[in-house]
Each structure stands twice: as structure tokens, then as C-alpha cells.
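Dear colleague,

Please find below the structure that I am handing over to you, together with its sequence.

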Amino acid sequence: MVPKIVQLPADPSLISLAYHHEHPVQVYEFEDTLEEWTVTARIDADVLAEGAAAYSDMDDEALDAVHDVTVGRMSFARVRMFGPDHPFEAMDSYTGDVARIGEVVLDVGAGGWEPAFEAALAHPVGDLLVMDRVILEPEWRGHGLGPVLAGAAIRRLSQGCVAVACEPGSADGRELSEDQHRDAAVKLGRVWERIGFVPF
């Protein structure tokens, strides 16, 4: 049987990533220990219009109607291990998923690395980057883009980090049974292994 060829909404080589870190001017809890980063993946309307003009006879009105294409979004938390606050408390204040990762990789009582995790690190001095969510729009799923985009974002955000951690699981808001969640975690674990994650 010949596999069905699925058409992507646009050329994935045109995708760009935009990095957003926002914080209030007023001092807030854990500001020096945990940074929140949002990364959006999209194709700019100008780039699409330029390509359409080069390869078709679209008129100016049609080209003006071209809009940005949203591909997906990712969220990351950068935890400063040697900041003024307890790193686990900062992680616990962010999301339950990030707190669960903290419970695994940190010595919650002492505030440092969990000993077995520290032993697995080549150089255990630096920050921790947590990949919290990677969510693609439905029409972009199933083509292997998630790991590519996440890998590009990690490369940009992980400078000065000794490890990048994630907990594989469905993050798109669908209600899953316990078995479905377990199956999704196993499948996503294999996906993330392609860009260097190893089970711990």
C-alpha cells in the first residue's frame, strides 16, 4: 500500500522562531531564579507573499491578503541553580509539570542536584533549562517538525545550562485516560530521544 502524502500548509523551511521573555519592572517572587520563555513558530506573511509573487501571478490585492501562518508555540523555564532563591521552590511556583521535573532532578531539601542526576552530568555547575510545552497547530503535526523546532529553540536558550529536562506527555489540552497518557508519554519519549534527551 502506498502511503498517503499529506500536504503541509506552507514550506517548513520558511518557519522562523520568535523568543519572548517578559517580566514586570516591579520585583516579583523568584525573578532571579526562574525565567519564563515563550517561543513562537510562524511563517511571516511578507515571506509568504514574496514567495507567492515569485512563483505565481497573484495580483497585489491577493498578495496583501496573505497572513502570517502560525505553526506552534513552546514554553521553557530557565532555572538558575545558584540564584538567591531555592530552585525547587521557584519551579514549584511555575507549573505542576515543572515541579515534578524538579522533584526528580533536584535534591529538594538541600536545593542542589539530586546525587544520581548530578553524577550523570558532565559538568554540574550551571543552570537547568526545562522544556515545559511544545504544541504544534493540528495541520503541522505528524511530520517530525516538533523535535526540529524544539532542538533549534534549545540550542538558542541552553547556553550556560548543564542540562535540559522535559517530561514527555500530551500538552495540547486533550483529555486523556491514564492508559492514553502513558502511551503518549512513551511515544513522545522516543521522539525527544532523537534530539538528545535520555531517560532518567
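Trp113, Phe117 and Phe200 form one aromatic cluster. Rings of Phe, Tyr and Trp (its six-membered ring) are counted as a pair if their centres lie within 6.5 Å, and planes under 30 degrees apart are called stacked, those over 60 edge-to-face and the rest tilted.

Before I continue, a note on the basis of these findings. This is a predicted model, in which local features need pLDDT of at least 70 and side-chain atom pairs count only at pLDDT 80 or more, while totals for chains, interfaces and linings use all residues. Residues are numbered from 1 along each chain as its sequence is written, and side-chain values use heavy atoms, with hydrogens and water left out.

Aromatic pairs

A search of the whole structure gives three aromatic pairs. The pair of Trp113 and Phe117 is tilted, because the ring centres are 5.5 Å apart and the planes stand at 40°. Trp113 and Phe117 are both buried. Here buried means under 20% relative accessible area, exposed means over 50%, and partly exposed lies in between (1.4 Å probe, protein chains only). An edge-to-face pair is formed by Trp192 and Phe197, with 6.5 Å centre to centre and 70° between the planes. Trp192 and Phe197 are also both buried.

Overall organisation

The protein has seven helices and five strands; helices (H or I, at least four residues) and strands (E, at least two) are DSSP runs, numbered from the N terminus. Read from the N terminus on, the order of the elements is β-β-α-α-β-α-α-α-β-α-β-α. Of the 200 residues in the protein, 34% are buried.

Salt bridges

The count comes to nine salt bridges, a salt bridge being a side-chain nitrogen of Lys or Arg within 4 Å of a carboxyl oxygen of Asp or Glu. One of them joins Arg78 to Asp127, with the closest N and O atoms 2.9 Å apart. This pair links distant parts of the chain, since Arg78 is in strand 3 (residues 69-79) and Asp127 in strand 4 (residues 127-136), 49 residues apart. Arg78 counts as buried because its relative accessibility is 11%, and Asp127 is likewise buried, with a relative accessible area of 11%.

Asp97 and Arg133 form another salt bridge, in which the closest N and O atoms are 2.7 Å apart. Distant parts of the chain are linked here too: Asp97 is in helix 4 (residues 96-105) and Arg133 in strand 4, 36 residues apart. Arg133 has 27% relative accessibility and therefore counts as partly exposed.

A further salt bridge runs between Glu167 and Arg100, whose closest N and O atoms are 3.2 Å apart. Glu167 is in the loop between strand 5 (161-165) and helix 7 (178-193), whereas Arg100 is in helix 4, 67 residues apart. Glu167 is partly exposed, with a relative accessible area of 39%, and Arg100 counts as partly exposed at 39% relative accessibility. Which residues are linked in a network of salt bridges? The network consists of Asp97, Arg100, Asp132, Arg133 and Glu167.

Surface charge

Glu29, Glu89, Asp92 and Glu103 form a negative surface patch. Patches are made of residues with over 30% relative accessible area and no salt bridge, like charges being joined within 9 Å and nonpolar side chains (Val, Leu, Ile, Met, Phe, Trp, Tyr) within 5 Å. Lys and Arg count as positive and Asp and Glu as negative, while His and the chain ends are not counted. The place of a charge is taken as NZ of Lys, CZ of Arg, CG of Asp or CD of Glu, and accessible areas come from the Shrake-Rupley method with a 1.4 Å probe, for which only the protein chains shown count as cover for residues.

Backbone and chain contacts

Most residues other than glycine have a negative phi. Phe30, although not a glycine, has a positive phi of about 65°. Phe30 lies in the loop between strand 1 (16-20) and strand 2 (34-43) and is buried, with a relative accessible area of 11%.

Pro12 is placed in the segment before strand 1 and is partly exposed, with a relative accessible area of 32%. The C-alpha atoms of Pro12 and Leu145 are separated by 8.3 Å, although the two are 133 residues apart along the chain.

With kind regards
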